[in-house]
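Please look through the structure below with the following explanation at hand, which begins with the sheet and then turns to the helices, the core and a few single residues.

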Amino acid sequence: KDNRKAKVPTPYPGVERDISFVIDKNIEYGKIADTIKEVSGSLLKEISLFDLYKGKNIEEGLHSLALTFLFKSANRTLVDSEIDSIIETIINTLKDKYNIAQR
């Protein structure tokens, strides 16, 4: 017998933000994603890599990553200022830990 219950979809919209940054290509994406999850709190539901670029205008040994972040709350609508604050924390942490440069 299957006892799984369907999750009721949240009535509150998610907020997506895209960020691009340049980072040493020897740093694994998994480490970056783990670091982001550690500092983002419970509102960050998903991170996805949608572009990886190296070449023209990117320094040797580096590459550009473009990530989409999905933020969502099950019990309220999120406001831009709280998302901005989380994004700022993410960027500052990545700068400190991995020496990223935002594009």
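Two strands are said to pair if DSSP finds at least two bridges between them, while the helices (H or I, at least four residues) and strands (E, at least two) are themselves DSSP runs, numbered from the N terminus. This is a predicted model, in which local features need pLDDT of at least 70 and side-chain atom pairs count only at pLDDT 80 or more, whereas totals for chains, interfaces and linings use all residues. Residues are numbered from 1 along each chain as its sequence is written, and side-chain values use heavy atoms, with hydrogens and water left out.

With these terms in place, the sheet can be described as an open one of four strands in the order S2-S3-S1-S4, with antiparallel pairing. Its edge strands are S2 and strand S4 (101-102), each of which pairs on one side only. Strands of a sheet pair through backbone hydrogen bonds, either parallel or antiparallel. Between S1 and S3 the antiparallel pairing runs over 10 bridges, and Arg-17 has Phe-69 as its bridge partner in S3.

Both helices pack on this sheet: H1 touches S1, S2 and S3, and its direction makes about 150° with that of S2, whereas H2 touches S1, S3 and S4, with a direction at about 15° to that of S1. Here contact means heavy atoms within 4.5 Å, and the axes are lines fitted to C-alpha atoms, for helices over the stretch in contact, with angles that run from 0 to 180 degrees between N-to-C directions.

Which residues have the most contacts inside the largest nonpolar core? This core has 24 residues, and those with the most contacts inside it are Phe-21, Ile-36, Phe-69 and Phe-71. The elements that give two or more residues to it are strand S1 (15-24), helix H1 (29-40), S2, strand S3 (62-71) and helix H2 (80-98), and H2 gives the most, with seven residues. A nonpolar core is a set of buried Ala, Val, Leu, Ile, Met, Phe, Trp, Tyr and Cys residues joined through side-chain atoms within 4.5 Å; buried means under 20% relative accessible area, exposed over 50%, and partly exposed in between (1.4 Å probe, protein chains only). Leaving aside neighbours within four places in sequence, Ile-36 is in contact with Leu-44, Ile-47, Leu-67, Phe-69, Ile-90 and Leu-94.

The structure holds one aromatic pair, formed by Phe-69 and Phe-71, which are stacked at 6.3 Å centre to centre with 15° between the planes. For such pairs, rings of Phe, Tyr and Trp (its six-membered ring) must have centres within 6.5 Å, and planes under 30 degrees apart count as stacked, over 60 as edge-to-face and the rest as tilted. Phe-69 counts as buried because its relative accessibility is 0%, and Phe-71 is buried at 0% as well.

Thr-35, in helix H1, is buried at 4% relative accessibility. Lys-45, in strand S2, counts as partly exposed because its relative accessibility is 48%.
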